[in-house]
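Subject: The structure we talked about

Hello,

Here is the structure for you to open. Have a look at it first, then read my notes below.

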Amino acid sequence: QVQLVESGGGLVQAGGSLRLSCVASERTFSSYAMGWFRQAPGKEREFQAAISRTGGNIYYADSVKGRFTISRDNAKNTVYLQMNSLTPEDTAVYYCAASSRILYSGTYYQQGGWYGYWGQGTQITVSS
């Protein structure tokens with residue numbers, strides 16, 4: 001089983017920035033597409049960003065385009081989510097996820113059901 005550990009969450013004021021990291025235990029990290037999802041209280045898990053195995057394809061939810069940047073460093077088995085211009089609506093638990101499936105379009109990258117491995121999550125709270 002692939003183990004994923006997120007870090008970098010915390011409390012930040014509106015307009016601020018955070019950088020989330022997710023470290024994978026899998027030595028063949030480059031074989032996995034990676035995604036970031038979030039879940040706020042009372043809401044369903046929702047897609048935020050995803051990146052293909054080599055980083056050649058990147059997808060974002062409309063709500064975070066221009067604000068969030070996903071990247072990966074396969075040599076470090078790590079995926080990142082740089083979050084800028086945060087708003088209180090971004091408050092949620094953020095999860096990274098890994099998929100061993102070949103995802104052929106952005107539609108698949110955005111669907112949590114295609115990801116087989118999930119981290120424990122890290123809390124992001126944005127104050128107004």
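Is Ser85 buried, partly exposed or exposed? Ser85 is partly exposed, with a relative accessible area of 42%. Here buried means under 20% relative accessible area and exposed means over 50%, with partly exposed in between (1.4 Å probe, protein chains only). Ser85 sits in the loop between β8 and β9. Its phi is positive, about 50°, although Ser85 is not a glycine.

Two notes on the source. This is a predicted model, so local features need pLDDT of at least 70, side-chain atom pairs count only at pLDDT 80 or more, and totals for chains, interfaces and linings use all residues. Residues are numbered from 1 along each chain as its sequence is written, and side-chain values use heavy atoms, with hydrogens and water left out.

**Overall build**

The protein has one helix and 11 strands. Helices (H or I, at least four residues) and strands (E, at least two) are DSSP runs, numbered from the N terminus. In order from the N terminus, the elements read β-β-β-β-β-β-β-β-β-α-β-β. The radius of gyration is 13 Å, close to the 14 Å that the globule rule gives for 128 residues, so the protein is as compact as a globular protein of that length. That radius is taken over C-alpha atoms, and the rule is 2.2 Å times the number of residues to the power 0.38. Along the principal axes, the C-alpha atoms fill a box of roughly 40 × 25 × 25 Å.

Of the 128 residues, 44% count as buried. The accessible surface is about 6,600 Å², and 45% of it belongs to carbon and sulfur atoms. Accessible areas come from the Shrake-Rupley method with a 1.4 Å probe; for residues, only the protein chains shown count as cover. Now the contacts, meaning heavy atoms within 4.5 Å. Among contacts between residues at least 6 apart in sequence, 59% join residues at least 24 apart.

**The core**

A nonpolar core is a set of buried Ala, Val, Leu, Ile, Met, Phe, Trp, Tyr and Cys residues joined through side-chain atoms within 4.5 Å. The largest one here has 37 residues. Leu4, Met34, Trp36, Val79, Leu81, Met83 and Tyr94 touch the most other members. Strands that each supply at least two residues of this core include β3 (18–24), β4 (33–39) and β8 (78–83). The largest share, five residues, comes from β9.

Leaving aside neighbours within four places in sequence, Met34 is in contact with residues including Leu4, Cys22, Phe29, Ile51, Val79 and Tyr115.

**The salt bridges**

Side chains of opposite charge can pair when their charged atoms come close. A salt bridge is a side-chain nitrogen of Lys or Arg within 4 Å of a carboxyl oxygen of Asp or Glu. The count comes to four.

Start with Arg38, which is buried at 8% relative accessibility. Its side chain meets that of Glu46 in a salt bridge (2.6 Å, N to O). Glu46 is partly exposed, at 34%. Arg38 also meets Asp90 in a salt bridge (2.8 Å, N to O). This pair links distant parts of the chain: Arg38 is in strand β4, Asp90 is in the loop between β8 and β9, and they are 52 residues apart. Asp90 is buried, with a relative accessible area of 1%.

Asp90 meets Arg67 in a salt bridge too (2.8 Å, N to O). Arg67 lies in the loop between β6 (58–60) and β7, 23 residues from Asp90. Arg67 is buried, at 16% relative accessibility. Through shared partners, salt bridges join Arg38, Glu46, Arg67 and Asp90 into one network.

**Loops and surface**

Asn77 is in the loop between β7 and β8. Asn77 has a positive phi of about 55°, although it is not a glycine. Asn77 is buried, with a relative accessible area of 15%.

Gly116 lies in the loop between α1 (106–109) and β10 (117–118). At 55% relative accessibility, Gly116 is exposed. Gly116 touches Ala98 and Ser99, not counting residues up to four places away in sequence.

Tyr108 lies in helix α1 and is partly exposed, at 34%. Ile102, Tyr104 and Tyr108 make a nonpolar surface patch of about 370 Å². Patches are made of residues with over 30% relative accessible area and no salt bridge: like charges are joined within 9 Å, nonpolar side chains (Val, Leu, Ile, Met, Phe, Trp, Tyr) within 5 Å.

Best wishes
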